[in-house]
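Good morning, colleagues. Please look at the structure on the screen while I walk through a few of its local features.

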Amino acid sequence: MPLRRRRSHYEQLTEFERGRVIGLREGGFSFRDIAERLGRNVSTVHDCWVRWSRDGTASRRPGSGRPRGTTEREDRRIRRTAVSHRTASAAEIRAAVGTTVTQRTVRNQLLDVQLRARRPVACIPLTPRHCRLRRQWCQARAQWRAEWRSVVFSDDSRFCLGASDGRVLIRRRPGERLQPNCLRPRHTGPTPGVMVWGAISYDSRSTLVVIPNTLNANLYVSLVIQPVVLPFMSSIQGGIFQQDNARSHTAAVSQRALQGVDILPWPAR
């Protein structure tokens, strides 16, 4: 039974090995001796030398490769369609371009230009007024350093218990994660869930409050402000309380309950 050939017998010669073949051959070594030194077939060494003698080069000729399934124009249309319609699938892009190639070819074309399918970043839609107010708020506190240690940040969050697959994908390149056409605006909806409230400061945190019902102003005062916020703020010297502009926070009854607390103004949205 013949012995199995080594894997190197089936691999292409490297540029270094081609140079060794030429050097050893010019040094008077036979094809068999060179093949034994390199661990290659005699015919491989012989073909390398013949190519050097005939063409003056031992570099490997480029292979023809598999023929292209799309033209350059179709490639540009595929990329342009993917960028202009970020949520389009490979099948939809293929249909829009009108090409006969497979969906796999369309995906490979997009991968070549680093257009990968990713989940969009959820964002809150902002109007120009919202952006202007946020910028003014940041500019007014751009020089704050130690002041932030006195700020108590609070928020209530609702954890959704309903099913959400989040399977909508977009195609984007590296660095395009926060571009407007790569974002997916979302709004909270009336799905089953549980709401909790909490606050943190530089070196401490409040207790977590579970909100059993819809959070209105009276419930905010009785469950959050009086039993949690007021004692927590009294324990922080020079503390500044932060809360967003939810209706339960800006109601008159909530503002009266927080009269003795320094409130940090908060921009809309």
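Predicted model: local features only at pLDDT ≥ 70, side-chain atom pairs only at ≥ 80, totals over all residues.

Where is the place of Gln-114? Gln-114 is in the loop between α6 (103–112) and β1 (116–118); helices here are DSSP runs of H or I with at least four residues, strands are runs of E with at least two, and both are numbered from the N terminus. Residues are numbered from 1 along each chain as its sequence is written, and side-chain values use heavy atoms, with hydrogens and water left out.

Most residues other than glycine have a negative phi. Gln-114, although not a glycine, has a positive phi of about 60 degrees. Its relative accessibility is 42%, so Gln-114 counts as partly exposed, between buried (under 20% relative accessible area) and exposed (over 50%), with a 1.4 Å probe and protein chains only.

I turn now to a pair of helices. Helix α2 (residues 31–38) packs with helix α3 (residues 42–55) at an angle of about 115 degrees, their axes 8 Å apart. Axes are lines fitted to C-alpha atoms over the stretch in contact, and angles run from 0 to 180 degrees between N-to-C directions. In α2, Phe-31, Arg-32, Ile-34 and Ala-35 meet Val-42, Val-45, His-46 and Trp-49 of α3, where contact means heavy atoms within 4.5 Å.

Finally, Gly-193 lies in strand β6 (residues 193–200). With a relative accessible area of 36%, Gly-193 is also partly exposed. The C-alpha atoms of Gly-193 and Arg-158 are separated by 6.4 Å, while the two residues are 35 residues apart along the chain.
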